[in-house]
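Please read the following report alongside the sequence and the model. It is written for a reader who is meeting this structure for the first time.

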Amino acid sequence: MQLPHIDDYIDIHVHDGHPKKDIFMVECLMAHEERLPENIRGMAYTYGIHPWFLDENNHGSQIDSVAKIIGQPDIIALGEAGFDRLRGPSLELQRKVFEQQVLFAEEHKKPVIIHCVRAWDEILAAYKKLKPHMNWMIHGFRGNLQLAQQLLSKGMYISVWFDFAIRQESAGLFRNLPGNRIFLETDGADIDIKDIYKKVAEDKGIAIDELKSEIYRNFNSFFNLKMG
């Protein structure tokens, strides 16, 4: 299992990532792609069923794929999985598949990376119903402070969407949220995670090294790792 160093920039959610100096990436593999993790320095992997690529015909085979892959030691979390009201199959099917994936995550003691678009009621209802022991993280967050606080109050973590993180309008969010539940990501976009760290550190009024230390601690907490 690949792990970051305290001096690394951590990009908690990428697609089609390539190793880069001083950057630790968590690559999202999706069941419909039939890709497998590789032993690459500076990279770890998640695996799950994305609601965009789910339908009545393929959900069984994708669930079987997750059941087969999720136990591998190179897979450090399940996901991305979740709900999308704008794209994907019925919410009923999304709910069924999401709940099954959460059960896999609980069985294998791995946290969950969540995709959620305009479906916060569904996520909160699933959390209440399933009562997970493993941590959940919302990736691509671009909501307001009130929503963020609601999610954090349930014990969830938040990874702020790259495009929102670099906008000035996100500065208030970063200043008002506790630093112990926050991650940053590029989501596979053509943007440098170091530039995102620089802007967020300025928003919070702290040094980049302090922000790196915060997110490193969050990584260890989210994945329930002992800090060396």
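The model is a predicted one, and the values given here are computed from its atoms.

**Aromatic rings**

The structure contains 13 aromatic pairs. One of them joins Phe183 and Phe222, whose ring centres are 6.0 Å apart and whose planes stand at 70°, and since planes over 60 degrees apart count as edge-to-face, the pair is edge-to-face. Phe183 belongs to strand β8 (residues 182-184), while Phe222 belongs to helix α8 (residues 208-222), so this pair ties together parts that are 39 residues apart in sequence. Both partners are buried: Phe183 has a relative accessible area of 0%, and Phe222 has a relative accessibility of 1%. These two residues are also members of one aromatic cluster, which is formed by Phe24, Tyr157, Phe183, Phe219, Phe222 and Phe223.

Charged side chains also lie over aromatic faces in this model. Arg181 is placed over the face of Tyr157, at 5.0 Å from the ring centre, and Tyr157 is itself one of the residues in the aromatic cluster.

**Packing of helices**

Two packed helices are described by the angle between their axes and by the distance between those axes.

| Helix pair | Angle between axes | Distance between axes |
|---|---|---|
| α1 (residues 59-69) and α2 | about 15° | 10 Å |
| α2 (residues 91-108) and α3 (residues 120-130) | about 40° | 11 Å |

With an angle of about 15° between them, α1 is roughly parallel to α2, and the crossing of α1 and α2 is right-handed. On the α1 side, the residues that meet α2 are His59, Ile63, Val66 and Ala67, and their counterparts in α2 are Leu93, Lys96, Val97, Gln100, Gln101 and Phe104.

For α2 and α3, the angle is about 40°, and the two helices are therefore oblique to each other. The crossing of α2 and α3 is right-handed. Here Leu91, Arg95, Phe98, Glu99 and Val102 of α2 meet Glu122, Ile123, Ala126, Lys129 and Leu130 of α3.

**Two single residues**

Where does Val160 lie, and which residues does Val160 contact? Val160 is found in strand β7 (residues 157-160), and with a relative accessible area of 0% it is buried. When neighbours within four places in sequence are left aside, Val160 is in contact with Phe141, Ala165, Phe174, Phe183 and Glu185; among these, Phe183 is the residue of strand β8 that pairs with Phe222. Val160 and Thr186 are 26 residues apart in sequence, and their C-alpha atoms are 9.2 Å apart in space.

Is Asp22 buried or partly exposed? Asp22 has a relative accessibility of 37% and so counts as partly exposed, and its place is in the loop between β1 (9-14) and β2 (23-30). Not counting residues up to four places away in sequence, Asp22 touches Asp8, Tyr9 and Lys194. The C-alpha atoms of Asp22 and Asn176 are separated by 28 Å, and these two residues are 154 residues apart along the chain.

Definitions and conventions. Residues are numbered from 1 along each chain as its sequence is written. This is a predicted model: local features need pLDDT of at least 70, side-chain atom pairs count only at pLDDT 80 or more; totals for chains, interfaces and linings use all residues. Side-chain values use heavy atoms; hydrogens and water are left out. Rings of Phe, Tyr and Trp (its six-membered ring) pair if their centres lie within 6.5 Å; planes under 30 degrees apart count as stacked, over 60 as edge-to-face and the rest as tilted. Helices (H or I, at least four residues) and strands (E, at least two) are DSSP runs, numbered from the N terminus. Buried means under 20% relative accessible area, exposed over 50%, partly exposed in between (1.4 Å probe, protein chains only). A charge sits over a ring if NZ of Lys or CZ of Arg is within 6 Å of the ring centre and within 35 degrees of the ring normal. Axes are lines fitted to C-alpha atoms, for helices over the stretch in contact, and angles run from 0 to 180 degrees between N-to-C directions. Angles under 35 degrees count as roughly parallel, over 145 as roughly antiparallel, 65 to 115 as roughly perpendicular and the rest as oblique. A crossing is left-handed if the near helix is turned anticlockwise from the far one by less than a right angle, and right-handed if clockwise. Contact means heavy atoms within 4.5 Å.
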